[in-house]
Amino acid sequence: MSTDAASRPTALAPVHERLGASFTDFGGWWMPLRYGSDLAEHRAVREAAGIFDLSHMGELLVEGPDAAAFLDYALVGRLSAIEIGKAKYSLLCNEQGGVIDDLITYRLGEDSYLVVPNAANTPAALAAFRERTTAADGTAFDVGITDRTEATALIAVQGPAAEAVLLDAVEADSAQAVRDVKYYAITAVVFTTPEGPLPARLARTGYTGEDGFEIYLDAEADASAPERLWSVLEKAGESHGLMPCGLAARDSLRLEAGMPLHGHELSPEISPYQANLPIVALKSKDSFVGREALARIKEEGPSSRLVGLVNDGKRAARPGYAVLKDGEKVGEISSGAPSPTLGHAIALAFVSPELTEPGTELDVDLRGRPTPFRVVQLPFYKRDS
């Protein structure tokens, strides 16, 4: 396998090579883009199940007597309110209210949290967290931050058959834990492998709009664990339509689910209020990084807001394309593609706040041709509960 000189392979690179994956650099990691057909991989997740290598994601262990207070200060949400075994989606913002990263935080114990930043943003997130161990008023938090990214492998199984796949892969004593773990929660399970029991952390989270799981493995303690688990899941998934899926399907799935991608819908120049993520604890927290700027943005209103756009045809609006109203530019596409599930073009765009009402008719400049799109309520796709 030939990799980009600046890209790191994950522990599962030999598996992807065996499966004939096409690779690409993503966030400094050499990742499978697809194994065969993007459309087939996308549909497998919507109709059965897909398996993803997410080992490029970051894992930061935050521990100590002040862990909860520290995270309350470092992030815009109230992380101290998370119960042990639960998770919360939150944002790491700068002093100007822009989003450095969006991340999920799991509370593993009273004074122990696992924070999962996005791949390319892990160094920036780690630097920001370390800087914030001392607050602006001089308060020093009694907390330790350990980067466990290289030591952790992460595999996701997503789709309506995900639970059935997991139940066929875990030890009998772990079956109830799989059934019981709720959305945005984490638990301990043990998988059955030919080499013996394989312990892991199982979270019911994902980035596809489907039910699914993310499995955290200690690859430092057992270097063979990632490949062993992938093989077990492959075998367990044979009767459930499980298919290996790459980054291309992951992107089209998250777009249908209306989920943001950093660098597109989120960035240090984009505030949570622009991105329609008003998950900022202004009422319950007096002090956190970016609070003053975020309070001002909320009061004044953002200069643009994220909306969903659809077109009855399949010509895609791509990132950077201009959004028009009566021939004048009023916004810009941040993500767009034909929807494999819905059969027509969908897009996310930042537009003027007065143009965000569902049903609003707008045009997108598709290579010099203004093409009708209309604003719709997000997400574009929502699974049957």
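In helix H7, the residues Ala225, Pro226, Arg228, Leu229, Trp230, Val232, Leu233, Ala236 and Gly237 are buried, where buried denotes under 20% relative accessible area, exposed over 50% and partly exposed anything in between, with a 1.4 Å probe and protein chains only. Helices (H or I, at least four residues) and strands (E, at least two) are DSSP runs numbered from the N terminus. The model is a predicted one, in which local features need pLDDT of at least 70 and side-chain atom pairs count only at pLDDT 80 or more, while totals for chains, interfaces and linings use all residues. Residues are numbered from 1 along each chain as its sequence is written, and side-chain values use heavy atoms, with hydrogens and water left out.

The chain as a whole contains nine helices and 20 strands. Its radius of gyration, taken over C-alpha atoms, is 21 Å, close to the 21 Å that the globule rule (2.2 Å times the number of residues to the power 0.38) gives for 385 residues, so the chain is as compact as a globular protein of that length. Of these 385 residues, 56% count as buried.

Helix H7 covers residues 225–237 and reaches 18 Å from its first C-alpha to its last, close to the 18 Å expected at 1.5 Å a residue, that expectation being 1.5 Å times one less than the number of residues. H7 lies across S4, S10, S11, S12, S13 and S14, and runs at about 10° to S10; axes are lines fitted to C-alpha atoms, for helices over the stretch in contact (heavy atoms within 4.5 Å), and angles run from 0 to 180 degrees between N-to-C directions.

These six strands form an open sheet in the order S11-S12-S13-S10-S4-S14, with mixed pairing, two strands being paired if DSSP finds at least two bridges between them. Strands S11 (186–193) and S14 (242–244) stand at the edges with a single partner strand each, so one side of each is left without a neighbour in the sheet. S4 (residues 49–53) pairs with S14 in the parallel sense over three bridges, and glycine 50 stands opposite methionine 243.

Helix H3 (residues 67–74) has seven of its eight residues buried, so it is largely enclosed by the rest of the structure. The cover over these buried residues includes strands S5, S6, S7, S8 and S9 together with helix H4.
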